[in-house]
Amino acid sequence: MSHAKKFSITIFLILGMLTIGLGKIGVSDDDKNLTTINVLDFGAVGDGNTDDSQAFLKAWKTACGIKAGYVNLVIEEGKTFLLKPIKFEGPCQSPNIHIQLSGTLIAPKSINEWGGGQNLESWLIFYGINGLTVNGFGTINGQGSVWWQQVSTDHLPYPLDSLPCCNKGPDALSFIGCNNLMVDHLNFVNPPRRHVVIFNSNGVTIFNINIRAPETSPNTDGIDMSHSTNVQIHHCSIQTGDDCIAIGPSSSYINVSNIACGPGHGISVGSLGFDGRTDKVEEIQVRDCTFTRSQNGVRIKTWQGGSGYAKKITFQGITLIAAQNPIIIDQNYCPHNLCQHSMTSAVQLSDISFIGVKGTTTTKTAINLSCSESVGCTNILLDDINIKSVYSKDVSSSCIDAHGSSRDVIPPVNCLLN
């Protein structure tokens, strides 16, 4: 074969490969396999000062309406986009929507700039979207300090959703009714309230995200979920002012693993049963997590007067580093002691296991099983536990109407009822 012919064949192959590649990373091709949308093409500026909200909504409307097999919405690296509260709604035409968040999203600096007054529930909402993936090493900055200053300490004992009016602050990022959701490789900083909220969703995976807020920031839970099932959360680093992860009402088949928590209030199931509600939680697995100087380790918290159940819950492979309150069951949950104590009903707790919990604590009571005197907790297992004081002092355990068994536990839990 002549050199000229070889050269012609090579050029033909290269052009063919380029044509195929452009179809997958640019404008939709005939196969409708992948379409890429860039917010900059819809008027977004990304200078951190210009309000890019409308440009994002236009880009989203276009992306959501494309029937390609895959749609990629690009938020470019090196850009900072100022957004006011936005709701990205589905359903979308494509079964696979990918948001490539490589830049930074910031919220307005003052409450007046948010719009909607002080009763906003969330800053960024994704609603009714199936097959959504959000990743890209970008940052979501809620600039929440101005909201933290507005939170009244009179309201702090109660769940934020129960407050009748004001100053509770919006969540940073909420996913509502999003099935087959994936969120990974993102950074979350300083939300007005909670960082990430999962509600009424099935088949959720969250991994490799970093969450940061000051230890003193109020109500800044890392990841909250409720009314959701089949949720996987793993390999995340969370430092915040409230629960690192909170597993709320109507949650089932939740797996949490390899979480670095602290500072923060630990990983919690609850709170459940507030204001007499009937709440149900089951099949919860929390494994291989580390708590460093956190206010709590692993805990279950329920209010008096509620009903329902929390069962089949396992905490296993837990490492404690100068953590307060390592193991807690609190069926009399009531911060600041502002509740009535004459309630006769409670959320029933059963089949709860603490296995392989080891490390150090700064509090005297390492294991606190405070169950309801009217309902009690049943079938509690404590196995292979070794918790010591950082101050070389003795630590202790405490129980109220807790039924179960223990083996190889330090400190001993002699107060468990058979």
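Is the link of C64 and C92 left-handed or right-handed? The link is left-handed, with -105° about the S-S bond.

## Basis of the model

This is a predicted model: local features need pLDDT of at least 70, side-chain atom pairs count only at pLDDT 80 or more, and totals for chains, interfaces and linings use all residues. Residues are numbered from 1 along each chain as its sequence is written, and side-chain values use heavy atoms, with hydrogens and water left out.

A disulfide is a covalent bond between the sulfur atoms of two cysteines. Here the criterion is a pair of cysteine sulfur atoms within 2.5 Å. Searching the whole structure gives four disulfides. One of them joins C64 to C92, with an S to S distance of 2.1 Å. C64 sits in helix α2 (residues 53-65), while C92 sits in the loop between β5 (86-89) and β6 (97-101), so the bond ties together parts that are 28 residues apart in sequence. Helices (H or I, at least four residues) and strands (E, at least two) are DSSP runs, numbered from the N terminus.

Burial is read from relative accessible area: buried is under 20%, exposed is over 50%, and partly exposed is in between (1.4 Å probe, protein chains only). C64 counts as buried at 9%. C92 is buried too, at 16%.

## Two right-handed links

C244 and C261 are joined by a disulfide, S to S 2.1 Å. This link is right-handed, with 80° about the S-S bond. C244 belongs to the loop between β16 (229-239) and β17 (245-247), and C261 to strand β18 (residues 251-261), so parts that are 17 residues apart in sequence are tied together. Both C244 and C261 are buried.

The sulfur atoms of C399 and C415 are 2.0 Å apart, and the two residues form a disulfide. The link of C399 and C415 is right-handed, with 50° about the S-S bond. C399 lies in strand β27 (residues 396-400) and C415 in the segment after β28 (402-410), so the pair ties together parts that are 16 residues apart in sequence. How accessible are the two ends? C399 is buried at 17% relative accessible area. C415 is partly exposed at 28%.

## Cysteines without a partner

C236 is in no disulfide; the nearest cysteine sulfur, that of C289, is 9.6 Å away. C236 is buried, with 4% relative accessible area. C289 is in no disulfide either. For C289, the nearest cysteine sulfur is that of C261, 8.4 Å away. C289 is buried at 1%.

Strand β19 spans residues 267-272. Five of its six residues are buried, so β19 is largely enclosed by the rest of the structure. Two strands pair if DSSP finds at least two bridges between them. β17 and β19 pair in the parallel sense over three bridges, with I247 opposite V269 in β19. β19 also pairs with strand β21 (residues 298-302), again in the parallel sense, over four bridges. S268 has R299 as its bridge partner in β21.

## Salt bridges

A salt bridge is a side-chain nitrogen of Lys or Arg within 4 Å of a carboxyl oxygen of Asp or Glu. The structure holds nine. D171 forms one with R193, the closest N and O atoms being 3.1 Å apart. D171 lies in strand β11 (residues 171-176) and R193 in the loop between β12 (181-189) and β13 (196-199), so the contact ties together parts that are 22 residues apart in sequence. D171 and R193 are both buried.

K358 and D384 meet through their side chains in a salt bridge, 3.3 Å from N to O. K358 is in strand β24 (residues 348-361) and D384 in strand β26 (residues 377-389), 26 residues apart. K358 is partly exposed at 38%, and D384 is partly exposed at 32%. D383 forms a salt bridge with R407, with closest N and O atoms 3.3 Å apart. D383 lies in strand β26 and R407 in strand β28, so parts that are 24 residues apart in sequence are tied together. D383 is buried at 14%, whereas R407 is partly exposed at 47%. Which residues form a network? Salt bridges that share partners join E121, D171, R193, R194 and D224 into one.
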